[in-house]
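User: I have a structure open and want to go through it with you. Can we take it piece by piece?
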Amino acid sequence: MLGRGLRVLGHAIRTEPRLFIVGAIGSSLFGLLIIANSYVVGWVIGHVVVPSFASHQVDTGRLWLVAAIFLGISGLRVASIFGRRLGAGFMQFRLQARYRRAVTGRYLSLPPAWHQRHATGTLLSNANSDVEAAWGPIAPLPFAVGTIVMLIAAMISLFLTDWVLALVGATLFPALFGLNLVYSRRMSPRQIRAQQMRGKVSAVAHESFDGALVVKTMGREADESRRFGVFVDELRDSLIAVGRLRGLFDPLMDSLPSLGTLAVLLLGAWRLRSGAIGVADVVSVAFLFTVLAFPVRAIGWVVGELPRSVAGWDRVRAVLDAEGDLAYGDGSLPGAGPAELRFDQVRFSYGEGPQILHDVSFTVPSGRTVALVGATGSGKSTIASLAVRLVDPESGSIGIDGVKLPDLALSALAGAAALVPQVPFVFDDTVRGNIALDRPGVDDEAVRDALALAQADRFVAGLPDGLDTAVGERGTSLSGGQRQRLTLARALAGKPRLLVLDDATSAVDPRVEAAILGALRASDARASVLVVAYRRATIALADQVVYLERGRVVATGTHAELMTFHAGYQDLVTAYEKAEHQE
Amino acid sequence: MSGEGTLATVKRGLALSPELRTGLGGTIVLAVLQMAGRVAVPIAVQQGIDHGIRAPGGPDLGVVVRIVAITLGALMISTLCGYLMTRRLFTVSETALSGLRQRTFRHIHDLSMLHQQSERRGSMVSRVTSDVDQISQFLQTGGVQLLLATGQLLVSAVVMFVYSWQLALVVLLAFGPAVGVIRLFQKRLAEVYRAVRERTGVMLGAVAESVVGATVIRSYGVAGRTQARLDSSIEDLRVAQQRAMRTSVTSFSSGEIGAGLALAGVVVVGVWLGADGALTVGQLTAFLFLVTLFIQPVQIATDMLNEAQNAVAGWRRILDVLDVEPDVADPDDQGVELPVGPLSVRFADVSFRYPGGPIVLSGVDLTLDARRKYAVVGETGSGKTTFAKLLTRLMDPAQGEVLLSGTPLTSVRFASLRSRVVMVPQDGFLFDATVAENIRFAEPSLTGEQLRAAFVELGLVDWLDGLPQGLETEVGERGEALSVGERQLVALVRAYVADPDLLVLDEATSAVDPATEVRLQHALDLVTRGRTTVAIAHRLSTAQSADEVIVVDAGRVVQRGPHARLVAEEGSIYAKLYASWLEQTRS
């Protein structure tokens, strides 16, 4: 663990060498000044205080010099503190920012298949607390490095003063260091446990507040509080366990340097008697031990943070090293107007999972509307994702206007084909921002036209600031149907040549849905449409129906043809009709 | 509230968590004893120098040994006191804070639905997690330090005055300006740290958006725009962090300058005093040690005060939530039980508006008989969902009264209300647990067999058996391992086992695949049998099968009666709704 932790630190130093050097120099200077200060104090006692107390005479010049030295040291110390703290802090913040950018950058470039395999909460903590944990030891790092420099200098100065007093240091420093190591070792499992309990408490709270309405309507507030209480109690116990250990070590670490001072007093008196040293030396060394205690702790802080750091770093690295990016070509799609979409012998499965699609072939002819119909799990949504290349097929090919999707540049593909997903996603932005998405060519007029087509113009006009209304996090201020219409307008605003609707009007009233689909057909900017449909009205609007069963295309034709000739299709559609009309 | 001072917040917080004061006196005594041990060392140095090392006849080892032995004893006692104090502090503070967490958690659940929905989920979660963590961290790190620092400050000040009041004054004067600067910086520090917290929130929001919206970002090719937003929020946070750091270092270093001034002043004045014979070498030496003992706490206190700002801000956020009185409150002991038997409903001239919003329902006055099935229909935004929320007392009307079997809803104890009146919300929210556990949510005492029996009774046992692990199948986060329709099935069974007398169904708007839909309708039919049922209907098939239909338009009830009669009323709102719906499904 120590070795791996040090490697993570090494990486940090190589990434931000300048700030590290500033911090380390500041901190070393700080340490050296502590030693210098002790010797000045000793020297002042021995060479200024003792003579003038003995002679009852004050050497004013010398006295002012001493004052100037103390103030000078103090000034230098302020500078060293700035260097140490700002160097370390800025280094930590820069590293955090750099890796947050890197991690989120990976999020944006990794394919949807990768996102599906990772829980939202995990990805959030990768970019936040894992990055923080990885660089946790950076804040005390320069201080610790400076402390090591200081300890070495202190040992040298001790040996130069007197070898017997130096032995006190030679015993004390390793003891302090060892105690720190033992402390960190014993503390880290307790800290990790507390951290895990924190995670659990947070997860339970999150879920419980997420389901607040169910809790309320079922009157389960007391039971939920009890469930939460169990985890809170465990967290409390784990934190108290942390406290007990701290209670044991903190006072010990405080007392060790005082023991050193006492030892110096004892041995100093003996050495003084044999004439080996002077009063000044005893005072200096005793003073040194009093002020050393605090900096030595910095080493413990770094060592203590290492296990967390390594764990965080591993999780961050897993994101950065994740593979499976979709490679895009540089092809473009010349021409205008509705595009043709062709699936040719497409097979697909998620990872090692079962085969989702078996040799699916069909065509959406230019300007036509094709409905995908099939029971749950027949592969409709997968086809929708494949059509806009959110995923790539295992084998077979998919092409728009004869160009294979992998040959297209991302911008060409995004410009030509638009997918409106089942669950609408709305950005924390204004209505305008959500629809335009800063795409070139999508001006206010295009936004308004798209809103009208999506039957969203009326409700948007009713919003407090119209197009400039901020819709809130995930569009919380809107209803489900309104969110769906906004995302539909977003797709239409880009004037796509192929529109893929994955059950995108499910939360819209049937009447409004009919109006939307009708407007789509009537509009000048007609696109080819591939629509995943449940409602019979939607299906009826299609020129052609592709009927799927368990990942295979089992029939293609018009709705009327399939109703006449295909029993399975007939069953499914009438089943739905029955469901709507039952009783 | 936000303008309130630090001390006021701490007072309010202590009043709400009196456990924090448990054994505080003992803890303080232990802290002072621990401090006394630290001060023993400089005294030992003084005594050792004056009476041992510089004894008239040359260094007197015996005296030094005696002094060292006594101090050693004092140190050991001090260490022991330190141990006991830290233990007490952790136990007391963690116990108190876990109580605070649980109280806040319960309070958030007790808040009205409108209140809950006006808060971001993440910020509610942070009230019971990171906000409390901040207080705890402060109490244990900062709090201990601050306590020790204050003790150390006091004890060393007293000892300094005992040795020499003149030098003690010099030290106090030297620190005067530093204290002024630190006070001056407090306000600014509060500001810069607030900026850090705010920007952290913005950054987390941006990251969440990029994760949740990954597919949309990809399919519109707007990764560049998203990354630009992310980068700027990350960068804004870094800049704020650095600004906070600079401010706190500046404040911290003023203490350092004070220390330099104090050391220089003590030497200059001390030498003059000593030359006059008013001071011994040992005393002056001890004084130099004491100055460092005096500096440390001042510096620690400056650092801790910065952290205190963070902790106090967290505390304030929790207190502000606890201060919100639930506006739809449980009458509890003053409340009554609902009368036994099937429930009838009466809306007496009920109006409703969201705070600061337009009127959603106005002057609704109607009676619904027990054991009958009602469907409430109307266009999106007509007020039909509001109807359901008033009926289940998720909200209270602005005017008028809702009564169940003659009892005003506001006077009914929640325990009685929630067991007799159950609502199935639009999105059948499921917990990340098994199917069985989700259903037990309504009735924890049910055995596996009873659960299975419920599925059998609702004709859903074939669906249950089709699940990979039957009742023990995990439904995933928010139930996402199941389809939308299947989640509704589970929510329906959950409502069924609760066995309510009044069932309120807020029908899901999103389409469900046909096979599940058939099951759902069948089960619904069985669940509603023999109970008063009010369905907020989006599909008119539901209305068709109801005993009576209530048509809501623009916040008013405009029609009511059985489906057949309402359809026949030509030109009526219901006739129009029905005609267009028919066209949609039968084209």
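User: How far apart are the end C-alpha atoms of residues 138-157 of chain A, and what share of the span is helix?
Analyst: This is a predicted model. In it, the end C-alpha atoms of residues 138-157 of chain A are 29 Å apart, and the span is 85% helix with 0% strand.

User: Which feature does UniProt place at those residues of chain A?
Analyst: The UniProt record, an unreviewed entry, gives "transmembrane region" for 138-157 of chain A, and also for 20-43, 63-82, 163-183 and 276-299.

User: What about residues 20-43 of chain A, helix or strand?
Analyst: Residues 20-43 of chain A are 100% helix and 0% strand, with 34 Å between the end C-alpha atoms.

User: Where does S38(A) lie?
Analyst: S38(A) is part of helix 2 of chain A, which covers residues 17-55.

User: Is S38(A) buried or exposed, and why?
Analyst: S38(A) counts as buried because its relative accessibility is 0%, and the cut-off for buried is under 20%.

User: Which residues does S38(A) touch?
Analyst: Leaving out residues up to four places away in sequence, S38(A) touches S284(A), F287(A), L288(A) and V291(A).

User: On to domains. What is the domain assignment of chain A?
Analyst: Chain A has domain 1 at 2-320 and domain 2 at 341-581. Taken over C-alpha atoms, the centres of these domains of chain A are separated by 56 Å.

User: And how is chain B divided?
Analyst: Chain B is assigned domain 1, made of 1-162 + 303-327, then domain 2 at 165-278 and domain 3 at 345-586. Between the centres of domain 2 and domain 3 of chain B there are 55 Å, again over C-alpha atoms.

User: Where does UniProt place "transmembrane region" in chain B?
Analyst: For chain B, the unreviewed UniProt entry lists 63-85, 144-161, 167-185, 252-272 and 278-295 under that feature. In the model, residues 252-272 of chain B are 100% helix and 0% strand, with the end C-alpha atoms 31 Å apart. Residues 278-295 of chain B are 83% helix and 0% strand, and their end C-alpha atoms lie 25 Å apart.

User: Changing topic: how many cavities of 30 Å³ or more are there in the whole structure?
Analyst: The search finds eleven cavities of 30 Å³ or more. The largest cavity holds about 350 Å³ of space.

User: Which residues lie nearest the centre of the largest cavity?
Analyst: Of the 23 residues that line the largest cavity, L505(B), E507(B), L524(B), A535(B) and T542(B) lie nearest its centre. Strand 3 (373-377), helix 16 (484-498), strand 7 (502-506), helix 17 (514-528) and strand 8 (532-536) of chain B each give two or more residues to that lining. Helix 17 of chain B has the largest share, with five residues.

User: How does the lining of the largest cavity divide into nonpolar, polar and charged?
Analyst: The lining of the largest cavity has ten nonpolar, seven polar and six charged residues.

User: Now the second largest pocket. What lines it?
Analyst: There are 32 lining residues, and V10(B), F138(B), L139(B), G143(B) and L146(B) lie nearest the centre of the second largest pocket. About 900 Å³ of space lies in this pocket.

User: Which helix supplies the largest share of the lining of that pocket?
Analyst: Helix 6 of chain B, with nine residues. The helices of chain B that supply at least two residues include helix 1 (6-16), helix 2 (24-53), helix 3 (61-110) and helix 10 (281-323).

User: And the classes in the lining of the second largest pocket?
Analyst: There are 20 nonpolar, nine polar and three charged residues in that lining.

Note on methods: Residues numbered from 1 in each chain as written. Chains lettered and ligands numbered in written order. Predicted model: local features only at pLDDT ≥ 70, side-chain atom pairs only at ≥ 80, totals over all residues. Heavy atoms only, no water. 1 Å grid on protein atoms, 1.4 Å probe; cavity = no way out; pocket = protein on both sides within 12 Å on 5 of 7 lines; lining within 4 Å. Points joined across faces, edges and corners; volume = space filled by probe spheres on them. Helix = DSSP H or I, 4+ residues; strand = E, 2+ residues; numbered from the N terminus. Nonpolar A, V, L, I, M, F, W, Y, C, P; charged D, E, K, R; others polar. UniProt positions renumbered as here; feature names shortened; annotations may be inferred. Domains from an automatic or database assignment. Buried < 20%, exposed > 50% of the residue type's maximum accessible area, 1.4 Å probe, protein only. Contact = heavy atoms within 4.5 Å.
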